[in-house]
Amino acid sequence: MQQEIFGGNSDFGIRQSQSYDGVYLKIRTSDSIASITAYIPGKPQEELERELGISGSIKLASNENPWGPSPRAVRAIRSKLLNIHRYPDGSCFYLVDALSKKLGVDPSEVILGNGSSEIVDFLVKAFVQEGDEVITSHPSFLMYQKFVQVRGGINFIVPLRDMRHDLVVIKEMISDKTKIIFLDNPNNPTGTIIRPVDLYQFLSDIPETVIVVIDEAYIDFADKQQRVDVYSLIRNISERCPVVFLRTFSKAYGLAGLRIGYALMARGIAASLHKVRQPFNINLMAQVGALAALDDEEYYERTLSRTQEGLEFLSREVEVLGCKSYPSQANFVLVDVLGNADQLYNAMLQQGVIVRSMSTYGFDSCIRVTVGTEEENKRFLRSLADCLSTLKYV
Ligand SMILES: Cc1ncc(COP(=O)(O)O)c(C=O)c1O
């Protein structure tokens, strides 16, 4: 990407670059970066409570694990605290080894990232050049489009059909400039999953020059019979498009704050991603925490069963309150509140219940609620009932 550098003083009429709060910089970013809206992080929960004059708020907005990390992960991290003056192992030897054994793949087919989001960045850096095309669905996880914009690539955005990826239209959008197709499966924010038979069919029709990235951030929560055979899909690519699977420790493993995710892919693709990553992208705590969490199967299974119970409870009870819930294969549920979601979000916020309004995703009457602990789910429902009746939505 080009960067134009301007000399001189803007006061004398020389071309100016972007202005930030009235300050003109004499260096400018590429147009594609200038067109990006920066991510606006939410306020820290403590700060929000201080502003609202409340305490004990609950956050059901980011699809995190409400029961916290595995105690084994916490112990492993504690045991390494005195090692943080050293750089971490740049190859993540033990974690890659454990993942490859658990998943039955070769270590050369595993890539780790500072969150799976970082691997999206690697993929785009390695395979998308200015003017190349990338296909994503709308709504879906927003980071795909952002990294493509950074590279000066072109996003082709296909609306969901009946809350699902529209595989027919996605296929039609492919051109000889298409480099990547991103599919979050299950989809965020709808929680829908592609039927394996449809996914296999779709993949068999995609040109060998296009990488299909299947983002399985929420696959742990999905029905087992809805999962596809990762092993055969990353391997047999001589006559089919390459497929990359993204996974994360941020959801079922409860390690969102550590920032660690991984991806499985053909070793040729992995080799390209190693070229674009920085040598120590996975910090020491993330390496040891993820390794211990991976080993704690009992905790993982318990998270899955509790999430399933919570999901069924929430989905049923919001309907009792007169809302519509969409079936979900993830750890969150999309709820149509049959009124303005932003207003409802704000009303619930005042009561210390933080959910996500889906208006930014184009669903003006929907909120997305992460499954919380039993107590949090009940509190959410009490607040929802109260706000629905105050706002006269039901
Ligand atoms: C579909 C999807 N993919 C990826 C991520 C990000 O995962 P990570 O925390 O590993 O970067 C999210 C986070 O919410 C997500 O919803």
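Trainee: Is phenylalanine 93 buried, exposed or partly exposed?
Mentor: Phenylalanine 93 counts as partly exposed, with a relative accessibility of 48%. Keep in mind that we're looking at a predicted model.

Trainee: How do the rings of phenylalanine 93 and tyrosine 94 sit?
Mentor: Their planes are at 90°, so the pair is edge-to-face. The ring centres are 5.2 Å apart.

Trainee: How many aromatic pairs are there?
Mentor: The count comes to eight. One of them is tyrosine 87 with phenylalanine 280, which is stacked, with 4.8 Å from centre to centre and 20° between the planes.

Trainee: Why does 20° make that pair stacked?
Mentor: Because planes under 30 degrees apart count as stacked, and this pair has 20° between its planes.

Trainee: Where do those two residues sit in the chain?
Mentor: In distant parts of it, 193 residues apart. Tyrosine 87 is in the loop between α3 and α4, while phenylalanine 280 is in the loop between α10 and α11.

Trainee: Are they buried or exposed?
Mentor: Tyrosine 87 is exposed, at 67% relative accessible area. Phenylalanine 280 is partly exposed, at 36%.

Trainee: Which residues form an aromatic cluster?
Mentor: Phe249, Tyr253, Tyr262 and Tyr300 form one together.

Trainee: OK, what about charges over rings?
Mentor: Lysine 324 lies over the face of tyrosine 326, 4.5 Å from the ring centre. Arginine 368 does something like that over the face of phenylalanine 332, at 5.7 Å from the ring centre.

Trainee: Switching to the ligand. How many residues surround it?
Mentor: There are 13 of them, and the closest are Ser116, Ser117, Asp215, Thr248 and Ser250. By class, the shell has three nonpolar, six polar and four charged residues.

Trainee: What share of the ligand does the protein bury?
Mentor: It buries 92% of the 400 Å² that the ligand exposes when taken alone.

Trainee: New topic: where is arginine 28?
Mentor: Arginine 28 is in the loop between β2 and α1. At a relative accessible area of 16%, arginine 28 is buried.

Trainee: Which side chain does arginine 28 touch?
Mentor: The side chain of arginine 28 makes a polar contact with that of aspartate 31, at 2.4 Å.

Trainee: And serine 70, is that one buried or exposed?
Mentor: Buried, with a relative accessible area of 2%. Serine 70 is found in the loop between β3 and α3. A polar atom of its side chain lies 3.0 Å from the backbone nitrogen of arginine 72.

Trainee: How far apart are aspartate 106 and arginine 267?
Mentor: In sequence, 161 residues; in space, 8.5 Å from C-alpha to C-alpha. Aspartate 106 is in the loop between α4 and β4, and counts as partly exposed at 28% relative accessibility.

Trainee: What about the backbone, anything worth a look?
Mentor: Most peptide bonds are trans. Here, a cis peptide bond joins histidine 138 and proline 139, with omega about -5°. Proline 139 sits in the loop between β5 and α6. The bond from asparagine 185 to proline 186 is cis too, with omega near 0°, and proline 186 lies in the loop between β7 and α8.

Trainee: Which residues should I check for phi?
Mentor: Most residues other than glycine have a negative phi. Aspartate 162 has a positive phi, near 50°, and leucine 338 has a positive phi of about 55°.

Trainee: Where are aspartate 162 and leucine 338?
Mentor: Aspartate 162 is in the loop between β6 and α7 and is exposed, at 68%. Leucine 338 lies in the loop between β12 and α13, and counts as partly exposed at 47% relative accessibility.

Terms used:
Residues are numbered from 1 along each chain as its sequence is written. This is a predicted model: local features need pLDDT of at least 70, side-chain atom pairs count only at pLDDT 80 or more; totals for chains, interfaces and linings use all residues. Side-chain values use heavy atoms; hydrogens and water are left out. Rings of Phe, Tyr and Trp (its six-membered ring) pair if their centres lie within 6.5 Å; planes under 30 degrees apart count as stacked, over 60 as edge-to-face and the rest as tilted. Helices (H or I, at least four residues) and strands (E, at least two) are DSSP runs, numbered from the N terminus. Buried means under 20% relative accessible area, exposed over 50%, partly exposed in between (1.4 Å probe, protein chains only). A charge sits over a ring if NZ of Lys or CZ of Arg is within 6 Å of the ring centre and within 35 degrees of the ring normal. A residue is near a molecule or strand if one of its heavy atoms lies within 4 Å of it. Accessible areas come from the Shrake-Rupley method with a 1.4 Å probe; for residues, only the protein chains shown count as cover. Ala, Val, Leu, Ile, Met, Phe, Trp, Tyr, Cys and Pro count as nonpolar, Asp, Glu, Lys and Arg as charged, and the others, Gly among them, as polar. A polar contact is a pair of N or O atoms within 3.5 Å; within protein, one must be able to donate a hydrogen and the other to accept it, and residues adjacent in sequence count only if both atoms are side-chain atoms.
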